[in-house]
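Please look over the model shown below together with its sequence. The report that follows goes through its charged pairs, its helices and its open space.

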Amino acid sequence: MGMTMRVGKIIKQERTQRGWSQADLGRMLHISKASISRWESGEREPGLDALSRIAAVMELGIDALTDPRQKTLFRPETIEVSRTKTALDPVLETAWQRLTPKERKKLVQIALSLAEK
């Protein structure tokens, strides 16, 4: 089985486990249901930017989408701010600590989408 088909099967498996339709996932990723269908059928493979967004929406590591043996959960609420000299500004660190896990997840998703541009 090629890489394209394997990734598509994993996306479908993870999507259906969550009870999401292809249209639901498409809306979350701001892409068409047809794109999801092409990935799941193995006709096309999502690019790295799409894999990053899928992983963020599903709260998985990208490796969980590319390797069926991996189930690395992505938990933004566990991200720690470095305390080295290159650490973030204390104001930003305080702001991060005040965010709820849901708000942290959303912020990470925004950062990932900005990094893709």
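How many salt bridges does a search of the whole structure find? The search finds 5 salt bridges, the term standing for a side-chain nitrogen of Lys or Arg within 4 Å of a carboxyl oxygen of Asp or Glu. This is a predicted model, in which local features need pLDDT of at least 70 and side-chain atom pairs count only at pLDDT 80 or more, whereas totals for chains, interfaces and linings use all residues. Residues are numbered from 1 along each chain as its sequence is written, and side-chain values use heavy atoms, with hydrogens and water left out.

**Overall fold and surface**

The secondary structure of the protein comes to 7 helices and 0 strands, and along the sequence this reads as α-α-α-α-α-α-α. Helices (H or I, at least four residues) and strands (E, at least two) are DSSP runs, numbered from the N terminus. Of the 117 residues, 29% count as buried; here buried means under 20% relative accessible area, exposed over 50%, and partly exposed in between, with a 1.4 Å probe and protein chains only. The protein exposes about 7500 Å², of which carbon and sulfur atoms supply 56%, the areas coming from the Shrake-Rupley method with a 1.4 Å probe and, for residues, only the protein chains shown counting as cover. Among contacts (heavy atoms within 4.5 Å) between residues at least 6 apart in sequence, 51% join residues at least 24 apart.

**Charged pairs**

Side chains of opposite charge can pair when their charged atoms come close.

| Pair | N to O distance |
|---|---|
| E14 and R18 | 2.7 Å |
| R27 and D24 | 2.5 Å |
| E43 and R38 | 3.8 Å |

The partners in these pairs can also be described by their accessibility. R27 is exposed, with a relative accessible area of 56%, while D24 is partly exposed at 25%; because R27 and D24 are 3 residues apart in helix 2, about one helical turn separates them.

R15, located in helix 1 (residues 3-17), is a buried residue with a relative accessible area of 7%. Leaving aside residues up to four places away in sequence, R15 touches W20, S21, Q22, L25, I36, E40 and M58.

Helix 4 is followed by E59, whose phi is positive, near 60°, although E59 is a residue other than glycine. Most residues other than glycine have a negative phi. E59 lies in the loop between helix 4 (48-58) and helix 5 (62-66), and it counts as partly exposed at 22% relative accessibility. H30, likewise not a glycine, has a positive phi of about 60°. The place of H30 is in the loop between helix 2 (22-29) and helix 3 (33-41), where H30 is exposed, with a relative accessible area of 73%.

**The largest pocket**

Rolling a probe the size of a water molecule over the atoms shows where empty space is left. About 270 Å³ of space lies in the largest pocket. Of the 14 residues that line this pocket, the closest to its centre are M28, H30, V57, K106 and Q109. On a 1 Å grid over the protein atoms alone, a pocket is an open set of points where a 1.4 Å probe fits, with protein on both sides within 12 Å along at least five of seven lines, and lining residues have an atom within 4 Å of a point. Grid points are joined across faces, edges and corners, and the volume is the space filled by probe spheres set on the points.

Helix 2, helix 4 and helix 7 (101-116) each supply at least two residues of the lining, and helix 7 gives the most, with 6 residues. The lining divides into 7 nonpolar, 4 polar and 3 charged residues, where Ala, Val, Leu, Ile, Met, Phe, Trp, Tyr, Cys and Pro count as nonpolar, Asp, Glu, Lys and Arg as charged, and the others, Gly among them, as polar.
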